[in-house]
Amino acid sequence: MPNTKKARGYSKRDLQDVSNNPELTKSDFARARPFSEVFPDLSASLRKGRGPNKSPTKKLVSLRLSAEVVEHFKSTGVGWQSRIDETLRKAVKRKRGRISVGTFRR
């Protein structure tokens, strides 16, 4: 059976491949220009973050959850926080369906 363990770090060959690169000097750094100056079109086309929401649909809160709950949702992969939100939304909808209009409990 082949070894499937993922290698970490750099191999000896990797280090040999880059060993002939000269070290940058102070004059090299003095001549350096910003990326946006060297490649203005490319720089302008790059997306810078998510940007503002047109109309924020969620509210940022701090919430303490049990380790068991966090581990369960994290184990489901990327998007685990959204799945917590989805689960809570479903619980709210179920609860609203059982309470008659005008009755609200805290």
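The following legends describe close-up views of a predicted model.

Residues are numbered from 1 along each chain as its sequence is written. Because the model is predicted, local features need pLDDT of at least 70 and side-chain atom pairs count only at pLDDT 80 or more, while totals for chains, interfaces and linings use all residues; side-chain values use heavy atoms, with hydrogens and water left out.

**Figure 1. Overview of the helices and the surface.** The protein contains six helices and zero strands, where helices (H or I, at least four residues) and strands (E, at least two) are DSSP runs numbered from the N terminus. Of the 106 residues in the protein, 3% are buried; buried means under 20% relative accessible area, exposed over 50%, and partly exposed in between (1.4 Å probe, protein chains only). The accessible surface comes to about 11,500 Å², and carbon and sulfur atoms account for 54% of that area. Accessible areas come from the Shrake-Rupley method with a 1.4 Å probe, and for residues only the protein chains shown count as cover.

Figure 2. F35, V38, F39, L42 and L46 make a nonpolar surface patch of about 440 Å². Patches consist of residues with over 30% relative accessible area and no salt bridge; like charges are joined within 9 Å, and nonpolar side chains (Val, Leu, Ile, Met, Phe, Trp, Tyr) within 5 Å. F35 belongs to helix α3 (residues 35-38) and is partly exposed, at 41% relative accessible area. A search of the whole structure finds one aromatic pair. The ring centres of F35 and F39 are 5.4 Å apart and the planes stand at 45°, so the pair is tilted. Rings of Phe, Tyr and Trp (its six-membered ring) pair if their centres lie within 6.5 Å; planes under 30 degrees apart count as stacked, over 60 as edge-to-face and the rest as tilted. F39 is partly exposed, with a relative accessible area of 44%.

Figure 3. R31 and D28 form a salt bridge whose closest N and O atoms are 2.9 Å apart. A salt bridge is a side-chain nitrogen of Lys or Arg within 4 Å of a carboxyl oxygen of Asp or Glu. The two residues, R31 and D28, are three residues apart in helix α2 (residues 26-31), about one helical turn. R31 is exposed at 60% relative accessibility, whereas D28 is partly exposed at 24%.

Figure 4. D85 and R89 meet through their side chains in a salt bridge (3.1 Å, N to O). Both residues, D85 and R89, lie in helix α6 (residues 80-98), four residues apart.
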